[in-house]
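Here is a brief note to read beside the model.

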Amino acid sequence: MTEKPWEWSEPHWRRLVGNARAGRSLAPRAWPGGARCCVTLSFDADHETIPLRDADSSPMRISQGQYGSRQGVPRIRALLARHGLRASFFYPAVSGLLHPEEIRAVADEGHEIGIHSWIHEANTALPPEVERELTLRAADTLEHLSGRRPVGIRTASWDFSTDTLSIIRELGLLYDSSLMADDDPYELLDQGLPTGIVELPPEWIRDDAPYFNFVRFSALRPYTAPSAVEEIFRAEFDGAHAEGGMFLLTMHPHVIGHRSRIALLDRLIEYMRSKGDVWFATHAEVAQYVKDQAG
């Protein structure tokens with residue numbers, strides 16, 4: 001019989017909390033150019049992979065993902081170009097294979113391409129050897145499609161298994177962006193030992209999907225006005241700016257890319273730029289900088 005959590009031995013529960021645990025803070029004393037804080041924007045280009053992951057062949061639901069490529073990414077690319085910013089785009093490999101011209105164009109514009117699963121699978125539902133094979137295959141596929149080897153990963157749905165860290169180490173990645181133990185960068189520990197891997201923590205508060213996602217025939221039917229989401233994101237940025245920390249924002253082309261929503265991102269960028277002391281950087285640039293500063 002499987003033991004209940006209250007029956008676990010102390011070594012057992014200590015081992016569980018020791019998996020990919022937060023180590024030393026990597027928040028730097030100063031950001032480049034004397035900036036007060038750092039802003040790093042990211043887009044998870046899931047496109048059609050979410051219904052595909054669920055073995056859902058509905059043309060309607062697949063079309064919702066296709067919107068991210070047809071309308072969302074072009075609007076995002078145009079917005080970033082207008083502001084002269086580079087961002088991090090995390091692709092499931094299948095998204096890249098479905099839209100190879102897109103991923104190459106995004107990379108050619110100087111944006112970062114990061115690993116985001118094979119087909120948006122949930123790592124905790126996979127045997128260890130399957131998770132490893134899919135992640136390594138995804139890394140190779142994204143390198144082939146984008147022309148550059150990814151240095152970072154964001155697990156699909158931030159689903160991080162007890163085997164994920166070992167795969168990240170095997171790949172020799174610079175950073176992960178899936179775990180949520182802090183607001184600012186930190187080093188990942190593996191059972192108390194430092195790994196040298198930088199964690200750039202996301203958070204559901206700083207993600208567009210919880211506010212806007214709508215799944216018919218389910219209980220997932222939130223609707224938040226873009227102005228309210230803009231207020232939340234701005235408050236999160238203001239907190240990072242006041243503390244001299246990092247503001248990491250996660251978005252999805254098929255979510256933020258709609259007309260009424262891309263406008264809120266435009267206004268938010270204008271607001272952050274108006275501070276005059278903000279360093280905008282890709283996830284890879286942030287991870288490398290904080291690692292170098294920590295020594």
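Predicted model: local features only at pLDDT ≥ 70, side-chain atom pairs only at ≥ 80, totals over all residues.

**Salt bridges, pockets and a surface patch**

1. E143 is partly exposed, because its relative accessible area is 33%. Its partner in a salt bridge is R149, with the closest N and O atoms 2.9 Å apart. R149 is partly exposed too, at a relative accessible area of 34%.

2. Are the two partners buried or partly exposed? R267 has 39% relative accessibility, so R267 counts as partly exposed. E230 has 9%, under the 20% cut-off, and therefore counts as buried.

3. The side chains of R132 and E170 form a salt bridge at 2.5 Å, N to O. R132 belongs to helix α6 (residues 128-146) and E170 to helix α7 (residues 164-171), so the pair ties together parts that are 38 residues apart in sequence. R132 is partly exposed, with a relative accessible area of 37%. E170 is partly exposed as well, at 44%. Side chains of opposite charge can pair when their charged atoms come close. The count for the structure comes to 17 salt bridges.

4. Which residues lie closest to the centre of the largest pocket? The volume of this pocket is about 790 Å³. It is lined by 32 residues, and I50, N213, F214, V215 and H254 are the closest to its centre. Helices α2 (49-53), α3 (59-83), α8 (209-212) and α10 (253-256) each supply at least two lining residues. The largest share, five residues, comes from α3. By class, the lining has 12 nonpolar, 11 polar and nine charged residues.

5. The second largest pocket has a volume of about 200 Å³. Its lining has 13 residues, with L16, V17, N19, A20 and L179 nearest the centre. Both α1 and β1 (21-25) supply at least two residues each. The lining divides into nine nonpolar, three polar and one charged.

6. Along with W8 and W13, they make a nonpolar surface patch of about 340 Å². L16 is found in helix α1 (residues 10-17), and V17 is placed in helix α1. L16 has 37% relative accessibility, so L16 counts as partly exposed. V17 counts as partly exposed because its relative accessibility is 44%. L16 and V17 are also among the residues nearest the centre of the second largest pocket. For orientation, V17 and E231 are 34 Å apart in space, C-alpha to C-alpha, and 214 residues apart in sequence.

7. How many cavities of 30 Å³ or more does the structure hold? The structure has one. About 50 Å³ of space lies in the largest cavity. Its lining is made by I115, H116, S117, E121, N123, T135, I153, R154 and T155. These lining residues divide into two nonpolar, five polar and two charged.

Notes
Residues numbered from 1 in each chain as written. Heavy atoms only, no water. Patch = residues over 30% accessible without salt bridge, like charges linked within 9 Å, V, L, I, M, F, W, Y side chains within 5 Å. Areas by Shrake-Rupley, 256 points an atom, 1.4 Å probe, with all protein chains shown as cover. Salt bridge = Lys/Arg side-chain N within 4 Å of Asp/Glu carboxyl O. Helix = DSSP H or I, 4+ residues; strand = E, 2+ residues; numbered from the N terminus. Buried < 20%, exposed > 50% of the residue type's maximum accessible area, 1.4 Å probe, protein only. 1 Å grid on protein atoms, 1.4 Å probe; cavity = no way out; pocket = protein on both sides within 12 Å on 5 of 7 lines; lining within 4 Å. Points joined across faces, edges and corners; volume = space filled by probe spheres on them. Nonpolar A, V, L, I, M, F, W, Y, C, P; charged D, E, K, R; others polar.
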